[in-house]
Amino acid sequence: MSYLNISRLKISYGEKVVLHNIDLAVEKGEMIALLGPSGCGKTTLLNALCGFINVNAGDISIAGRDITHSAPEQRNITMVFQSYALWPHLTVAKNIGYGLKLRKWRRDDIDHRVNELLHIVNLSGLAEMKVTELSGGQRQRVALARALAIEPDVLVLDEPLSNLDAKVRLNVRHEIKALQKKLGFTSLIVTHDQQEALVMADRIAVLNQGKIEQIGTPEDIYQRPATPFVADFMGADNKLSFNDIQASADMALHINGNYLSASSQQQIVYFRSADAGLSELNCTPQDSGLTVEGLVEQSAFLGNLYRHSVRCNNHLLLADASICWPPQTPVRLHVPASALHVFTSSHVR
Ligand SMILES: Nc1ncnc2c1ncn2[C@@H]1O[C@H](COP(=O)(O)OP(=O)(O)OP(=O)(O)O)[C@@H](O)[C@H]1O
């Protein structure tokens, strides 16, 4: 039995079902990222876990204790919000100690715990500052310290980094991850950002329209997407059907040494632009993987590389390269078989 168990959870708003039979088992000390497009039900799942909304069917338990219908304050789950939700008129120390005061801790014990947390989140020395005097990154660390102060059974983070600018965001996500490893708290984090999920989570649950499409390690989700939705969401931005490939004299696909056969026509292949290499037409073609001959239509400088769009008949494919191939250059685009994600079209919605 896992530490946190969500089983067959169903939530609806009126007639509209927004979570369908969600099963999620989280081990103690694990960080799970809930990843998915806007409206897929991530926040609803967190709200159900925290007890902010009613559950239509299913169960939630922590350490064997059924909390499906417990009041939020009886669950020992704390949430860190995107907006920090700090008290602006209180100092950093008073914000961090707020939950402990509500729990009627003794003054000395609160001071001791607050100092411990200030040290943990690297804010020692800022105890007496008002939170309004802090930067966004510092405020989010206060919010985290306040949430951790009461030693929650589960820490829930709802898009905790989305109000921070890009550079601070990169630092804070590594800090939270390091803290989670050090302190061993169990947590669920909601994010839109696939890279944030890859960096921070032990496992990622990808949600689509109220269902979990796939749950697995970051490597599983990125390298072995189970469905076309996950492949696409995780950045496999090119898509071709086997029919398209077979119909074109300029495309060829070899998998396990075999040229694609007629029986595989119901299949569809996804790949990332980063996995597609470009070469001149007079180079010897590779004998495995996908090969497409076409013309460079556009190239865009992305800083560390150039992204090219390559036209082959009515298909426009994307390929990255460290050098810039000018528009109208005839090229061969090649993707190794190991970087192709192949699905039967019954998977494709
Ligand atoms: N109070 C509500 N009443 C009715 N429908 C709601 C309510 N809250 C959310 N929904 C609907 O439930 C679905 C899931 O919403 P939810 O906020 O959980 O998605 P999300 O994945 O967190 O989205 P985002 O990333 O944009 O925050 C959406 O279709 C939304 O419109």
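The shell around the ligand consists of Tyr-13, Val-18, Gly-36, Ser-38, Gly-39, Cys-40, Gly-41, Lys-42, Thr-43, Thr-44 and His-192, where a residue is near a molecule if its C-beta atom, placed from the backbone, lies within 6 Å of it. This is a predicted model, in which local features need pLDDT of at least 70 and side-chain atom pairs count only at pLDDT 80 or more, while totals for chains, interfaces and linings use all residues. Residues are numbered from 1 along each chain as its sequence is written.

**Ligand shell**
- The shell around the ligand divides into 3 nonpolar, 7 polar and 1 charged residues, with Ala, Val, Leu, Ile, Met, Phe, Trp, Tyr, Cys and Pro counted as nonpolar, Asp, Glu, Lys and Arg as charged, and the others, Gly among them, as polar.
- Helix H1 (residues 42–50) gives the most to this shell, with 3 residues; helices are DSSP runs (H or I, at least four residues), numbered from the N terminus.

**Packing of H3 and H4**
- The axes of helix H3 (residues 107–120) and helix H4 (residues 136–149) come within 10 Å and cross at roughly 135 degrees, the axes being lines fitted to C-alpha atoms over the stretch in contact, with angles running from 0 to 180 degrees between N-to-C directions.
- Arg-113, Leu-117, Leu-118 and Ile-120 in H3 meet Ala-145, Leu-148 and Ala-149 in H4, contact requiring C-beta atoms, placed from the backbone, within 7 Å.
- The residues of this contact of H3 with H4 divide into 6 nonpolar, no polar and 1 charged.

**Domains**
- The domain assignment, automatic or from a database, gives domain 1 (4–225) and domain 2 (238–347).
- The centres of domain 1 and domain 2, taken over C-alpha atoms, are separated by 40 Å.

Technical notes:
Helix = DSSP H or I, 4+ residues; strand = E, 2+ residues; numbered from the N terminus. Contact = placed C-beta atoms within 7 Å.
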